[in-house]
Amino acid sequence: MLRRARRRARNRPVTDSAAAYARSQISLALDFLSWLDEHDTTLTTATQADLDRWLDGGSRYRYFLANFITWATTHHRCTDLAVPNPHSGEPSHILTDDDRWAMLARCLHDKTLPLHVRASGALVLLYGRTITSIADLTTSDIIDTDTDAYLRIGNGTVPLPPALATLVHSLADDADGRAPFPRPDDTTRFLFQGRRIGKPTTPKVLARNLRTCGIDPRPARHAARAAWAREIPAPIAADVLGIHITTATRWAGRTRRDWTHYLAIRTDTAGHSHDNPGKT
């Protein structure tokens, strides 16, 4: 992990997320090695059954041990061990439409909530965006025209409804007001400013702030994606939500009604109940 981190640092800055990922990989390896020690075995003598027991004893997060097992196998530290691909399960928790709209209304209009929570929560609830994709937004990502406002997120742009546009502009004004001193050569102002000057807040902190205010980002994101997938074609949903077309297609498959059974019933009952054939 250290060698990989150094190689990455030569080409681009090491982000907080990249550092957290490296630490999590090392922690997973240590957890597994400690478990083996507690069960009187070692990495060299461990069997696939031992590995499977450890994997089954925790969350899906443990399957990220695959990188360590691959490294250990390559360097002849273990033999015949493999981490299987976890079963791709369906989202286990999706907000109902009523709960989603209620939370969105709260973000847009409840002035008792912190401004950054209202804005980030609204973007997640409305557009199903990940916390990572919005954490480093800047004031320059706001695009205003004569009649409308838009927000640039990643490689795409989404329209801002009036209430959300007002909220985002307020956040931008707040970001300008937080600037410790004017810097003519640096126009970057992060919408979600972190504790360090000139740095955005981390996705972890932003997500924690949302949960503290009763908004769980993952179910909120799932609900938004499900809602969009029901209403618009998958290619358009992919652009709006900032996801791959394959992911958008899966969401469409999860949420759209299967009309096969309905068509079969219509076929079976054709000619039996047509009192008003012009009405559907």
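The side chains of D97 and R230 meet in a salt bridge, with N and O 3.0 Å apart. This pair links distant parts of the chain. D97 lies in helix 5 (residues 97-109), R230 lies in helix 10, and 133 residues separate them. The model is predicted. D97 has a relative accessibility of 36% and therefore counts as partly exposed. R230, at 34%, is also classed as partly exposed.

Side chains of opposite charge can pair when their charged atoms come close. The structure holds 5 salt bridges in total. Among them is the one between R106 and D110, whose closest N and O atoms are 3.7 Å apart. R106 is partly exposed, with 32% relative accessibility. D110 is partly exposed as well, at 22%. Another salt bridge joins D216 to R211, and its closest N and O atoms are 3.7 Å apart. At 33% relative accessibility, D216 counts as partly exposed.

Helix 10 (residues 217-231) also packs against helix 6. Their axes are 6 Å apart, at an angle of about 40°. The two helices are therefore oblique to each other. On the helix 6 side, the contact involves V124, L125, L126 and Y127. These residues meet P217, A220, R221, A224 and W228 of helix 10. By class, the contact has 8 nonpolar residues, 1 charged residue and no polar ones.

Helix 6 (residues 115-127) has a further partner in helix 9 (residues 203-212). The two axes come within 10 Å and cross at roughly 95°. The crossing angle falls between 65 and 115 degrees, so helix 6 is roughly perpendicular to helix 9. Helix 6 contributes H116, V117, S120 and G121 to this contact. Helix 9 contributes L206, N209 and L210. The residues of this contact divide into 3 nonpolar and 4 polar, with no charged residue.

The strands form an open sheet of 3, in the order 1-2-3, with antiparallel pairing. Strand 1 (142-144) and strand 3 (156-160) are the edge strands, and each pairs on one side only. From one strand to the next, the twist averages 30°. Strand 1 pairs with strand 2 (residues 149-153) in the antiparallel sense, over 3 bridges. D144 has A149 of strand 2 as its bridge partner.

How values were computed:
Residues are numbered from 1 along each chain as its sequence is written. This is a predicted model: local features need pLDDT of at least 70, side-chain atom pairs count only at pLDDT 80 or more; totals for chains, interfaces and linings use all residues. Side-chain values use heavy atoms; hydrogens and water are left out. Two strands pair if DSSP finds at least two bridges between them. Helices (H or I, at least four residues) and strands (E, at least two) are DSSP runs, numbered from the N terminus. Axes are lines fitted to C-alpha atoms, for helices over the stretch in contact, and angles run from 0 to 180 degrees between N-to-C directions. Angles under 35 degrees count as roughly parallel, over 145 as roughly antiparallel, 65 to 115 as roughly perpendicular and the rest as oblique. Contact means heavy atoms within 4.5 Å. Ala, Val, Leu, Ile, Met, Phe, Trp, Tyr, Cys and Pro count as nonpolar, Asp, Glu, Lys and Arg as charged, and the others, Gly among them, as polar. A salt bridge is a side-chain nitrogen of Lys or Arg within 4 Å of a carboxyl oxygen of Asp or Glu. Buried means under 20% relative accessible area, exposed over 50%, partly exposed in between (1.4 Å probe, protein chains only).
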